[in-house]
Protein chains: 2
Amino acid sequence: MGDNFTVNMDEFLPLRDVVFNTLRRAILTGELKPGERLMEIHLANRLGVSRTPIREAIRKLELEGLVTMIPRRGAEVAQITEKSLQDVLEVRRALDALCVELACDRITFEEKEALKRACDEFEEATRTGDVTTIAGADVALHDIIVRATGNQRLIQLINNLSEQMYRYRFEYIKDEKGHDNLVNEHRMIYESILQGDKKKAAEAAKLHIDNQEKSIIRQIHLEREQQLKKKDKRQ
Amino acid sequence: MGDNFTVNMDEFLPLRDVVFNTLRRAILTGELKPGERLMEIHLANRLGVSRTPIREAIRKLELEGLVTMIPRRGAEVAQITEKSLQDVLEVRRALDALCVELACDRITFEEKEALKRACDEFEEATRTGDVTTIAGADVALHDIIVRATGNQRLIQLINNLSEQMYRYRFEYIKDEKGHDNLVNEHRMIYESILQGDKKKAAEAAKLHIDNQEKSIIRQIHLEREQQLKKKDKRQ
DNA sequence: TAATTGCATTTTGTATACAAAAGATTGTAC
DNA sequence: GTACAATCTTTTGTATACAAAATGCAATTA
């Protein structure tokens, strides 16, 4: 349990939203680990607020699928199993395809420019080799495409589904040797959208997800092995 | 405002969940109308509980998109605009297609039997002409297909998206003259799944959504006209 | 030693209290 | 009559209090 998740009081938001964002980030970055119990008083003390905003934040996290509730026992950080990840990816595959198809039809000139820029910036980011930078550039790129659909509901859903993967994002980006594949996949999507070629765009998007899936699952297996090793040592 | 939404104390659930279900149903059935304010003390008095479970229920409704929050002003029942409905349907079109495709691959023998029964029951229901019966049979039928995918996340998402349409469901089923189209569309989907013909199934599912979209939007326009007429009369 | 019972502690679930902001209302000035 | 200001009310946001369930531990018993 790292010490530095503190509330960001700068933002002018109800405490429940501040807490919500704080806990969410803590879960996504792995600061709060799967299975860890979220005890209200602890969190309240830690964040310097009362239980009320904590509880309300947890209700939302529950519906987002980031925590699971056990009645009269409280909340704990949701486990990511291989099955649940595959479920998410199966849905994302369809929604990402829809996304790029809609983007083909609806992307504006300005958005095309932004997309091009984001693509270049991602390529640059990969050259720095810094995981955080790469992750940021990746999010930015995808955001532009998603927003180009103009479909609020779709935007919200994809963001929520992405969350589930962000927990593995760092490992996954680390895993990608050279990142050349990622760059190429992005280029492919980017070009298809510029050309307005829905079919090609959809295929590229699906391929992108498939590769991420493989990469993330490889990571999960690696982690599992490491955990087993630890256990062996202890015994 | 009808009087009879009361908490169902029979269920052994935390009050927040009881309240959540109660409010949700009230919104979906139109008992709580779009734009109506959800004031905590009123609801608390009405449901005979304190503000705390009300607030926690509202947080979840917020994330589900059934209520919108205005800071320091509280919650109100979310408006359904034509745009928001189209957004939902655009997503559902993709997800329903995914659904039937997955069902083609994964449906078990028992589920096939259940599907056949549900199909027949739906046809019978249309003959009764009773809207509630028809709606029930429709939900049952779709539920079988959705569950056959075995994808928890997909099940959850489709249920959530369906909610947005349930608010119009009654009008929409009323609108369908003779319901023959509905029966045929269901048959088409059903047969494709039995045959394991993904492509045909996906097409049928999309057609099904498209027709619903047309029908619902026609209803929205009708409602709007009626509201305008009322306004005219008053002035 | 293993199991069980009883008690103390922790933690959640719910209610209530209080402060601050938003909204409504009344009164006054022009 | 309208505009503005002061005040009063309502309503949310947050904290705290209290009850009931769950958990952990120790002592007792078989």
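Visitor: Which residue stands opposite Ala75(A) in S3(A)?

Guide: Strands are DSSP runs of E with at least two residues, and helices are runs of H or I with at least four, both numbered from the N terminus. Two strands pair if DSSP finds at least two bridges between them. Here, in a predicted model, Met69(A) is the residue opposite Ala75(A). S2(A) and S3(A) run antiparallel and are joined by four bridges. Three residues lie between the strands of this hairpin, where Arg72(A) has a positive phi near 60 degrees.

Visitor: What span does helix H3 of chain A reach from its first C-alpha to its last?

Guide: The expected span of a helix is 1.5 Å times one less than its number of residues. H3(A), residues 51-64, has 14 residues and reaches 20 Å, close to the expected 20 Å. Gly65(A) follows H3(A) and has a positive phi, near 85 degrees.

Visitor: Which residues of H3(A) are buried?

Guide: A residue is buried if 20 or more other C-beta atoms, placed from the backbone, lie within 10 Å of its own; it is exposed if 12 or fewer do, and partly exposed in between. The buried residues of H3(A) include Pro53(A), Ile54(A) and Leu61(A). Among the elements they pack against are H1, S2 and S3 of chain A, together with H3 of chain B.

Visitor: How many residues surround DNA strand C?

Guide: A residue is near a strand if its C-beta atom, placed from the backbone, lies within 6 Å of it. DNA strand C is surrounded by 17 residues, and Gly74(A) and Thr52(B) are among the closest. H3(B) provides the largest share of this surface, three residues.

Visitor: How many residues does the largest nonpolar core have?

Guide: A nonpolar core is a set of buried Ala, Val, Leu, Ile, Met, Phe, Trp, Tyr and Cys residues joined through C-beta atoms within 7 Å. In this model the largest has 77 residues, and Cys99(A) and Cys99(B) are among those with the most contacts inside it.

Notes: Residues numbered from 1 in each chain as written. Chains lettered and ligands numbered in written order. Predicted model: local features only at pLDDT ≥ 70, side-chain atom pairs only at ≥ 80, totals over all residues. Contact = placed C-beta atoms within 7 Å.
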